[in-house]
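Visitor: I would like to learn how to read the contacts in a protein model. Could you take me through one?
Guide: Gladly; let us look at it together.

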Amino acid sequence: MRRLRILSVFIMLLALAGAGSASATAAQKAAAAPYCGITWGSLPKAGGNLSTNSLLKVTTSRQSCYDRTVFEFTGAVSGYRVEYTDHVITDGEGLDVTPYTAGGAHLDVVLLAPVYKTDGTVTYNRKLGDHAVNVVRYQTLRDILYAGSFEGYTQFDQGVRAKLPFRVTVATGSDGHGRITIDVAHFWE
């Protein structure tokens, strides 16, 4: 009887050890998987060409895995440069706007398009240093500061919680408006 009890305890311990290693393996796989399947990375991203279509507005939205910023233009656009930097320096004046932008990390967003039409009509009427949108209660976005437009290039300092993966996409909607979208993930993993 005693041997039977010892044998049953031994079998139970073996079963628990196997379950523990299965749990550890599952935990290791989960830890190795990218957050929400995101594989974007945080290296600089650039593409497209200079456009004469002008910026209309900036909007944001909160998604389950990332925060999104959309720059909308009067027509098709394709040009951008986006990268993490310690200092966002305005073109023309050379002013560092990072002290005025909330966030633990800063994306220097350069849109290869102006804020005015070819006839000089302003389509995005903001002053240098204006906060483009309200991002209260966002998980990743902390601020989006307008850093000016100079010789057809428009710049923003996008303050985020930390240096996190991001992607940039370009599209033209059925309304004919071009959109450059920046998604910044909530976490790495």
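Visitor: Which residue forms a salt bridge with Arg179, and how far apart are the closest N and O atoms?
Guide: A salt bridge here is a side-chain nitrogen of Lys or Arg within 4 Å of a carboxyl oxygen of Asp or Glu. In this structure Arg179 forms one with Glu72, and the closest N and O atoms are 3.3 Å apart. Arg179 lies in strand E9 (residues 178-185) and Glu72 in strand E3 (residues 66-73), so the pair ties together parts that are 107 residues apart in sequence. Strands (E, at least two residues) and helices (H or I, at least four) are DSSP runs, numbered from the N terminus.

Visitor: Before we go on, what kind of model is this?
Guide: It is a predicted model, in which local features need pLDDT of at least 70 and side-chain atom pairs count only at pLDDT 80 or more, while totals for chains, interfaces and linings use all residues. Residues are numbered from 1 along each chain as its sequence is written, and side-chain values use heavy atoms, with hydrogens and water left out.

Visitor: Are Arg179 and Glu72 buried or partly exposed?
Guide: Buried means under 20% relative accessible area, exposed means over 50%, and partly exposed lies in between (1.4 Å probe, protein chains only). Arg179, at 21%, is partly exposed, whereas Glu72 is buried at 10%.

Visitor: Which residues are linked with Arg179 in a network of salt bridges?
Guide: The network links Lys57, Glu72, Asp175 and Arg179. Within it, Asp175 forms a salt bridge with Arg179, and their closest N and O atoms are 2.8 Å apart. Asp175 is partly exposed, with a relative accessible area of 42%.

Visitor: How many salt bridges does the rule give?
Guide: The count comes to five. Another one of them joins Arg167 and Asp183, with the closest N and O atoms 2.7 Å apart. Arg167 lies in strand E8 (residues 166-172) and Asp183 in strand E9, so this pair ties together parts that are 16 residues apart in sequence. Asp183 is buried at 0% relative accessibility, while Arg167 is partly exposed at 26%.

Visitor: What else does Arg167 lie over?
Guide: A charge sits over a ring if NZ of Lys or CZ of Arg is within 6 Å of the ring centre and within 35 degrees of the ring normal. Arg167 lies over the face of Tyr66, at 5.3 Å from the ring centre. The charged end of Arg62 likewise sits over the ring of Tyr138, 5.5 Å from its centre.

Visitor: In what order do the strands of the open sheet come?
Guide: Two strands pair if DSSP finds at least two bridges between them. Four strands form the open sheet, in the order E2-E3-E9-E8, with antiparallel pairing. Strand E2 (55-62) and E8 stand at the edges with a single partner strand each, so one side of each is left without a neighbour in the sheet. E3 and E9 are joined by seven bridges, and Phe71 has Ile180 in E9 as its bridge partner.

Visitor: How is a pair of aromatic rings described?
Guide: By the distance of the centres and the angle of the planes. Rings of Phe, Tyr and Trp (its six-membered ring) pair if their centres lie within 6.5 Å; planes under 30 degrees apart count as stacked, over 60 as edge-to-face and the rest as tilted. A search of the whole structure finds seven aromatic pairs. In one of them, the rings of Tyr124 and Tyr146 have centres 5.5 Å apart and planes at 70 degrees, so the pair is edge-to-face. Tyr124 lies in the loop between strand E5 (105-111) and strand E6 (141-150), and Tyr146 in strand E6, so the pair ties together parts that are 22 residues apart in sequence. Tyr124 and Tyr146 are both buried.

Visitor: What about Tyr124 and Phe156?
Guide: Their ring centres are 6.0 Å apart and the planes stand at 65 degrees, so this pair is edge-to-face. Phe156 is in strand E7 (residues 153-160), 32 residues from Tyr124, and Phe156 is buried. Ring pairs link Phe71, Tyr124, Tyr146 and Phe156 into a cluster.
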